[in-house]
Amino acid sequence: MTSHTLSAGGDRLHALDAVRGFALLLGVAFHAALSFIPGMPPGIWAINDNSPSAALGAATFISHILRMSLFFFVAGFFARLLHQKLGARGFWSNRLKRIGIPLVAGWVVLFPIIAYVWTIGIAKTFGGAPPPMPEMPKVAGAFPLTHLWFLYLLLLIYVAVLAVRALLVRLDPAQKMRGVVDRMVVSGTSTGVAAFTLGIPVAVALMAQTFWIYGMGIPTPDSSLIPLLPASVGYGTAFVFGWLVHRAKDVLPVIERRWAIHLGLAVVATVALVMIMGDQPVAQPGLTKNAFAYLYGVAIWGWVFGLTGAALRFLSGFSATRRYVADASYWIYLAHLPVIAALQVWVGHWPLHWSVKYPLILIAGFGILFASYHWLVRPTLIGQLLNGRRVRRRKAGAAPAATASERTNAADDRVTPVASLRGVVKKFGATTALAGVDLDVRPGELLAVLGPNGAGKSTAISLWLGLHEPDSGEVMLLGGSPQDVERRRRLGVMMQDVDLVKELRVRELIALAASYYTDPMTVEQALNVTGIGALAGRLYGKLSGGQKRQVQFALAICGRPKLLFLDEPTVGLDIEAREALWASIRALLADGCSVVLTTHYLEEAEALATRVAVLARGRVIASGSIDDMRALVARRQITCESALMPADVRGWEGVVEATRDRGKLVITATDAETVVRRLLSVDATLRRLEVREAGLSEAFTELTKEAA
Amino acid sequence: MNAAVLHADKIPTSRLLGAYLTETRCEFMRNLRTPAIALPVLLLPVGLYLLFAVLIAGEAIVKDPPLGIFLFSAFAVMAVTMPALFNVGASLAMERENGMLRLKRAQPAPAGSWLVAKIASGLAFGVLAYTPMVVAAIVTGKLPLDGAQLAGMSVALLLGALPFCALGLMIATFVSGSAAPGYANLVYLPGCYLSGMFFPLPASMHWQTPFWPQFHVNQLAMHAAGVEKFQFEPVAVAAGALLGFTVLFGVVATWRLAHKG
């Protein structure tokens, strides 16, 4: 149901994953045996096989004792783990996806198929003249849940347990009560008392049954939305104890140590149960019934502890096969019933012994189910839904680096900016996207905003576009708030990671965008200005990545904007298209339009920008003209072919960094002349010496490194 | 950068109307060009209606004319509600996922134009799916209603599509674009079975029918057509329930959009 190999102590969780997978697959084998049970009244199961088997009858009885309790025990353990990891909201969202959706979707798909298989099987059982189908019982909540009842009950138990938990958190803020419970869980398991006491609630519920066939064990609550008492009590106890075992932390090693004793206890209790049942299959009020009920409870917990302990003891390591089977088991259990029943119906009247037919059903059934998992589920959306992704742990919120020196260019501050951020702080949850940013865009200039991923570039733009509001500080756009739609009508915008409607033609997209503005270009004008006339009739979805960017650019400028935001505009463009786009941008600038450009291509900033601002970790770490930026980092790069190794020169005065790149020694230096003199004196064989100004790229790398 | 400049940027009403119309036309074209949506939505209801009401149950309807109206109503509910739910839900979820909604807001599209466009387009698709059913029913003579009754029923059905528009919006605010049709089916299909719209349910399952909007749309249609045999709740309750669903879904969707975008 989930990948639970996500926390410390993951080894133990592999074992519990295996236990849960075992419980579910055992359920498949259990249902596959039901057509072979001697004395089963016809019409209840899909078919009664013509070769009944007492051995399979006993096997179903035993597996029914343990499989669902085992499942709910592990479910309780994982539920608390998940609740701890994700919190209440995350827990519910996860559970509705993994349990709620499979319940509803599974029922809608499976119920008609199961009903169909049953109709055929029952017709076969009664030789073509079946009795009328029994009506649903006329009680409120009657509903044919089928084998998916366990998901429904699980959801109800989640609700109940979380409600009780919420209450306890209030009543017991100091965890005193819960501390006592934890100690009881530990001591109860280590002294062996747990196996004898945990069965009492379900035993009492079973004793209260007025009509009880022993072979049914805990009656299956599959025909009503109001769950039956023994199932709710029995499986609820298992779930709650699983939850408590996760809470108490040190219980799993105890369960592991005592695996053999518990399995022994389970076997003894089970043998006693089978013997009682052999004498008297239907419960009569009295001592025997009460003894049977109590022994049943003991057997449940003997098996639950024994099997869980054995898994912890022997299956704790990671195994790819076990993991695969554990992942597959959920789907297989959900989907198995019609497949298994259909196979039972098919072979039901074959003149063969059950010892041939039962394995045949299992082999064919598991074959079909595993194949369907492998091809139809594991690689698809269903698999993602059922098995989930690893729940990633939240990264601690990146604290803003306060060490970075803020360098703002004071020149030209007299000009009224067309857009500005003043002391803007913006947080998303625990992450600070902008930590006090000041930025100006002046009339007619192109401001290039540079910075590594996550530096806050896109957040800054989204504030200007009115998509977010700052937590503090002031955002100004064309003299006012960007929240006013009238102001935004004077913007053009080209966003990153935006896909337009694939089914619309380029002409239609431009017409739609143009319809938003007061005085837009005509479609033809926009097509011509951006040079994409040839694409006008094409569907957007059929365009190449570069062509899409060109269309987005046309949408950005079709409203004749005063201020244009371009977020990574030339990604995916070929050189020719990029040059054309640059030319368009220069023409817009010449017309007095201001542009804010974010880019990863430094040559793009060098080619177009009037000013550059570098963002890192939510702060402006530098801003100024291209030349200012270069001067800011007055470092030069020395390249040569030399016998010297980087390690030899790293300690030299004036050397910032030395590396080797394609056989050449590459040195970044603050004092290039001194370093070159020393290089030549030390290495007489030195060749191909080259010294150059650091480009924007180096300046940029240097700056962001300092900020880090 | 002052009030005068801003005033000049006020968009004239005619252009504003034009923006709404263009948006609606684009939304409609887009749905029409998405075969995965257009084909099932347009062909399934009329196809199933012909199969079940005309071929399979044709004889029975001759004997019991209200049955003809019952079957017609069932598939007509499907015809109008499916596009309302799927066109609106799937396209909004996709737009949220690929950033279109953010872009539209920044561009700046008139507030709510996308919403009007989606609802109008969903309803128009409903009419497109519903019309051939009416033609088929009249041609085959399987719908014993007079003109006024048929008109009343058609209006009831179209109004009944609105809560499904709202449901589509709500679903779209919770799930990703690729998952939206799946989740929409998930809430839609059980409702078709469990509302008793297609076949009468055993009495023990009646308690849960009011939870499905389909049930109330169907009831509204039954009242409009005057088929007393299949009226299980007063007309005011049906209308009230549909209004309630619309408000509920709409409020949740609005809340989610405001908080998650």
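Q: Which residues are linked with B:R30 in a network of salt bridges?
A: In this predicted model, the network of salt bridges links A:E503, B:E27, B:R30, B:E95 and B:K118.

Q: How far apart are the N and O atoms in the salt bridge of B:R30 and B:E95?
A: The side chains of B:R30 and B:E95 meet at 2.7 Å, N to O. B:R30 belongs to helix α2 (residues 13-32) of chain B and B:E95 to helix α5 (residues 65-97) of chain B, so this pair ties together parts that are 65 residues apart in sequence.

Q: Is B:E95 buried or exposed?
A: B:E95 is buried, with a relative accessible area of 2%.

Q: What does B:K229 form a salt bridge with?
A: B:K229 pairs with B:D64, and their closest N and O atoms are 2.9 Å apart. B:K229 sits in the loop between α11 (213-225) and α12 (235-260) of chain B, while B:D64 sits in the loop between α4 (58-63) and α5 of chain B, so the pair ties together parts that are 165 residues apart in sequence. B:D64 counts as partly exposed, at 24% relative accessibility.

Q: And in chain A, which side chain meets A:R178 in a salt bridge?
A: That side chain belongs to A:D172, with 3.3 Å from N to O. A:R178 counts as buried at 13% relative accessibility, and A:D172 is buried with a relative accessible area of 4%.

Q: How many salt bridges are there over all chains?
A: The count comes to 23 salt bridges over all chains.

Q: Changing topic, how many disulfides does the structure hold?
A: The structure holds zero disulfides over all chains. As an example, A:C593 is in no disulfide, and the nearest cysteine sulfur, that of A:C558, is 13 Å away. A disulfide would need the two sulfur atoms within 2.5 Å. A:C593 counts as buried at 4% relative accessibility, and A:C640 counts as buried at 0%.

Q: On to the strands: what is the order of the open sheet in chain A?
A: The sheet has six strands in the order β5-β6-β7-β3-β8-β9, with mixed pairing. Its edge strands are β5 (491-494) and β9 of chain A, each of which pairs on one side only. On average, neighbouring strands of this sheet are turned by 15 degrees against each other, direction ignored.

Q: How many bridges join β5(A) to β6(A)?
A: Four bridges join β5(A) to β6(A), and the two strands run parallel. A:V493 has A:F565 in β6(A) as its bridge partner. Helix α18 (residues 545-557) of chain A packs on the sheet, where it touches β5 and β6 of chain A. The direction of α18 makes about 165 degrees with that of β5(A).

Q: In what sense do β1 and β2 of chain A pair?
A: Strand β1 (residues 419-428) of chain A and β2(A) pair in the antiparallel sense over eight bridges. A:A419 stands opposite A:V441 in β2(A). The two strands form a hairpin with two residues between them, and A:G429 in the turn has a positive phi of about 60 degrees. Strand β2 (residues 431-441) is mostly covered, with eight of its 11 residues buried.

Q: Which way does phi go in A:E568 and where is that residue, please?
A: Phi of A:E568 is positive, near 50 degrees, in a residue other than glycine. Most residues other than glycine have a negative phi. A:E568 lies in the loop between β6 (563-567) and α19 (575-590) of chain A, and counts as buried at 5% relative accessibility.

Q: Where does A:R617 lie?
A: A:R617 lies in the loop between β8 (611-616) and β9 (619-624) of chain A. Its phi is positive, about 50 degrees, although it is not a glycine. A:R617 is partly exposed, with a relative accessible area of 42%.

Q: Is the peptide bond from B:Q107 to B:P108 cis or trans?
A: That bond is cis, with omega near 10 degrees. B:P108 lies in the loop between α6 (100-106) and α7 (113-140) of chain B.

Key
Residues numbered from 1 in each chain as written. Chains lettered and ligands numbered in written order. Predicted model: local features only at pLDDT ≥ 70, side-chain atom pairs only at ≥ 80, totals over all residues. Heavy atoms only, no water. Buried < 20%, exposed > 50% of the residue type's maximum accessible area, 1.4 Å probe, protein only. Pairing = 2+ DSSP bridges. Axes fitted to C-alpha atoms, helices over the stretch in contact; angles between N-to-C directions. Contact = heavy atoms within 4.5 Å. Salt bridge = Lys/Arg side-chain N within 4 Å of Asp/Glu carboxyl O.
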